[in-house]
Protein chains: 2
Amino acid sequence: MPRRRGATRYAILGMLNESPMSGYDVKKRIETDLGHFWRESYGKIYPELRKLVLDGLATVRTQDQEGRPSRKVYTITVNGMVDLRKWASQAPPDLLDTGELLLKIYHGHLVSSANTASLLRKALQRAREELQEIRQHYEDEEEASSGADAGRQHRIVTLRYRLRYYECLCLWAEESLEKLEGGSSRHL
Amino acid sequence: MPRRRGATRYAILGMLNESPMSGYDVKKRIETDLGHFWRESYGKIYPELRKLVLDGLATVRTQDQEGRPSRKVYTITVNGMVDLRKWASQAPPDLLDTGELLLKIYHGHLVSSANTASLLRKALQRAREELQEIRQHYEDEEEASSGADAGRQHRIVTLRYRLRYYECLCLWAEESLEKLEGGSSRHL
DNA sequence: GAGAACATGTAAGCGGTTACATGATTAT
DNA sequence: ATAATCATGTAACCGCTTACATGTTCTC
């Protein structure tokens, strides 16, 4: 399974970009908005928010409340917005890491439709390469019916899982590209 | 992404079950045999092999060689085989963690076809529940065309990813069940 | 009265990778 | 020459989760 590297930072920054909020709010927002493909714990959110301020990508102000613990409200800075947009526009280093790709697509409205389409096109290309390879493996295994060895049947089931997964990835990328390009700019 | 807990142990034990081998061999075997859905590093393999011996699930003997570094050849014990079979027969705690499910299915020939089918049926059930939920979310988002807000288009793309993924998971489980049950015992 | 929601943070620990250390042999 | 293969192992590090600490208010 692929590593996430610095992506946590941009998941948080993306939430702050919608409106200023506390670490507690960020947690809930990520759950509701990105919950289908992303999750973060307090153990990562709070330290990262501190770093965001140190790096000048956000500012904090403490908001005292009656009866409730006081909140630290974080606001994204101009630098933060610039950084977020830049990150969102660049293709993820591992195009098959759908987590990071999905997070970038989610932030697609910050960049351009053409850009999102470009990310998807690159991912589709990689997925197709992968699909071709796994198809070959799968067919080789199916045809090599010479030995009806014990594990063969089950091995094929695991191979087919991968086959179906990449077929599905390609299908999704294709239909998403169609909808994105059909809906806005056709000039690419 | 779900945690793997103790599954490394059984990936290794599964290799030793095919034939006695060294840690170096285990690494290569896992790459070729399980590479489509599993990977292990030396940093995990060597310490785990030591534990396997301590727990009585494997034995070691050192094999000196001329010119080459000497090998430590590990052999699975009867206890090891019993443990492996037991693990392979039980449904993974998280049925949507395909990694562990696939590893158990791969070892299906150690148990029974009926057992593997049962694991698949349980996973299919969970996947269908999940699919139903995500379908609802997806339709809600598509119908709520009230606000043509900035992020909507991209949010839908990420939701559709999940939708397609669970569709594909269900499809795979269904066709795998069919092939497993059509091929051997129909009595379940 | 119990438990959830509000709210922030830290420390311990787990699971995992990478780089390092060592060194001969064989294939290109 | 140079890289790959053979072979074992460890230490440092990273990313991440979980549990803990603290305390009020609102809801059932």
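Copies are superposed by least squares on the C-alpha atoms of residues with pLDDT of at least 70 in both. In this predicted model, a rotation of 180 degrees brings chain A onto chain B, with an RMSD of 0.1 Å. The shift along the axis is 0.0 Å. The two copies are thus related as by a two-fold rotation axis. Both copies use the same surface, since 100% of the contact residues of chain A recur in chain B. A:Cys168 is the residue of chain A that comes closest to the axis, its C-alpha lying at 3.2 Å.

The contact draws 33 residues from chain A and 33 residues from chain B. Together the chains bury about 3400 Å². Carbon and sulfur atoms account for 66% of that area. A:His36, A:His154 and A:Tyr161 supply 22% of the area that chain A buries against chain B, more than any other three residues.

Polar interactions also cross the interface. Four salt bridges are counted between chain A and chain B. In one salt bridge, the side chain of A:Glu175 meets that of B:Arg160 at 3.6 Å, N to O. Residue pairs in polar contact number 14. On the side of chain A that touches chain B, α5 (98-106), α6 (113-143) and α7 (152-183) each supply at least two residues. α7(A) gives the most, with 19 residues.

The largest nonpolar core has 106 residues. Beyond four places away in sequence, A:Leu34 touches A:Ala11, A:Met15, A:Arg29, A:Leu103 and A:Tyr106.

Methods:
Residues are numbered from 1 along each chain as its sequence is written. Chains are lettered from A and ligands numbered from 1 in the order in which they are written. This is a predicted model: local features need pLDDT of at least 70, side-chain atom pairs count only at pLDDT 80 or more; totals for chains, interfaces and linings use all residues. Side-chain values use heavy atoms; hydrogens and water are left out. Contact means heavy atoms within 4.5 Å. A nonpolar core is a set of buried Ala, Val, Leu, Ile, Met, Phe, Trp, Tyr and Cys residues joined through side-chain atoms within 4.5 Å. Buried means under 20% relative accessible area, exposed over 50%, partly exposed in between (1.4 Å probe, protein chains only). Buried area is the accessible area (1.4 Å probe) that two parts lose on being put together, summed over both. A polar contact is a pair of N or O atoms within 3.5 Å; within protein, one must be able to donate a hydrogen and the other to accept it, and residues adjacent in sequence count only if both atoms are side-chain atoms. Helices (H or I, at least four residues) and strands (E, at least two) are DSSP runs, numbered from the N terminus.
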